[in-house]
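Me: Please take a close look at one part of this model. Then place that part in the chain as a whole.

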Amino acid sequence: MRARLMAASPVRATLPRLVALFLLPLLTTLSTALLAPAHAHADVRVPQAASVSTLLAPHPTADEPCTSKDPAVCLIRQMSPEEREQARETRLRYHQLLDTMEAVADHMHEEGRSDEEIARVLVDMRNQAKDITRAGMTPEAVQALEQRNMEKYGNPLGPTADQQYAKYGSWAKVVEASTRTSAAVDQELGIPPRG
């Protein structure tokens with residue numbers, strides 16, 4: 001029956017093409033950026049609020065207990081200045097993927113798609129974006145993030161659309177939350193947080 005619904009709805013039939021339209025060029029750019037040497041990332045925009053002194057400021061060492069409730073923040077605090085800079089570049093690329101998601105949401109709204117349809121697409125895209133950006137991380141960092149998500153959501157990439165709906169209570173709020181980031185992680189890396 002689902003196949004008949006998909007075939008009967010031209011709006012649903014365009015979804016895979018829409019996702020491909022927005023994601024493929026971005027994925028190509030991202031994969032090129034990930035494989036390029038560090039000096040080739042000059043095209044990544046650095047927000048004005050961040051400075052080198054912010055990025056390289058002393059942070060608690062591995063000997064000092066991390067007081068953050070976010071394990072990703074604790075992991076960042078244990079990084080060398082070079083690792084922090086690489087983590088920051090990866091985080092900026094993740095923000096760029098979230099910008100693409102906002103464009104997809106806008107397009108789907110213009111097409112008259114329901115909040116549930118949009119939310120399901122965005123949650124899936126967000127989890128794919130996490131997977132893509134983790135390609136530039138150390139295996140230890142990826143393992144720590146995946147372990148946290150497994151404990152919290154039962155999925156190494158993060159919550160499902162249905163888990164997000166249960167948390168927020170409406171599909172519109174899931175759409176809104178899908179492009180938000182952790183303010184604590186962004187701040188730790190000297191990046192202004194998203195909405």
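Reply: Lys173 sits in helix α9, residues 171-177. Helices here are DSSP runs of H or I with at least four residues, strands are runs of E with at least two, and both are numbered from the N terminus. The model is predicted, so local features need pLDDT of at least 70 and side-chain atom pairs pLDDT 80 or more, while totals for chains, interfaces and linings use all residues. Residues are numbered from 1 along each chain as its sequence is written, and side-chain values use heavy atoms, without hydrogens or water.

Lys173 counts as partly exposed because its relative accessibility is 46%. The classes are buried, under 20% relative accessible area; exposed, over 50%; and partly exposed, in between (1.4 Å probe, protein chains only). Ala119 is 54 residues from Lys173 in sequence, yet their C-alpha atoms are 8.7 Å apart.

Now take Thr133, in helix α6 (residues 115-134). Thr133 is buried because its relative accessibility is 6%. A polar atom of the Thr133 side chain lies 3.1 Å from the backbone oxygen of Lys130. Beyond neighbours within four places in sequence, Thr133 is in contact (heavy atoms within 4.5 Å) with Thr90, Arg93, Tyr94 and Leu97.

Helix α5 spans residues 81-110, 30 residues in total. Its first and last C-alpha atoms are 44 Å apart, close to the 44 Å expected at 1.5 Å a residue. That expected span is 1.5 Å times one less than the number of residues. Just after α5, Gly112 has a positive phi of about 85°.

Next, the largest pocket. Its volume is about 1100 Å³. A pocket is an open set of points on a 1 Å grid over the protein atoms alone, where a 1.4 Å probe fits, with protein on both sides within 12 Å along at least five of seven lines; lining residues have an atom within 4 Å of a point. Points are joined across faces, edges and corners, and the volume is the space filled by probe spheres set on them. The lining has 41 residues; Ala72, Arg91, Leu145, Ser182 and Val185 lie nearest the centre. Two or more lining residues come from each of α4 (71-77), α5, α6, α7 (139-153), α8 (161-168) and α10 (183-188). The most come from α7, with 7.

Finally, the whole chain. There are 10 helices and 0 strands. Of the 195 residues, 36% are buried. Among contacts with a separation of 6 or more, 71% join residues 24 or more positions apart.

Note on methods: Polar contact = N/O pair within 3.5 Å; in protein donor to acceptor, adjacent residues only side chain to side chain.
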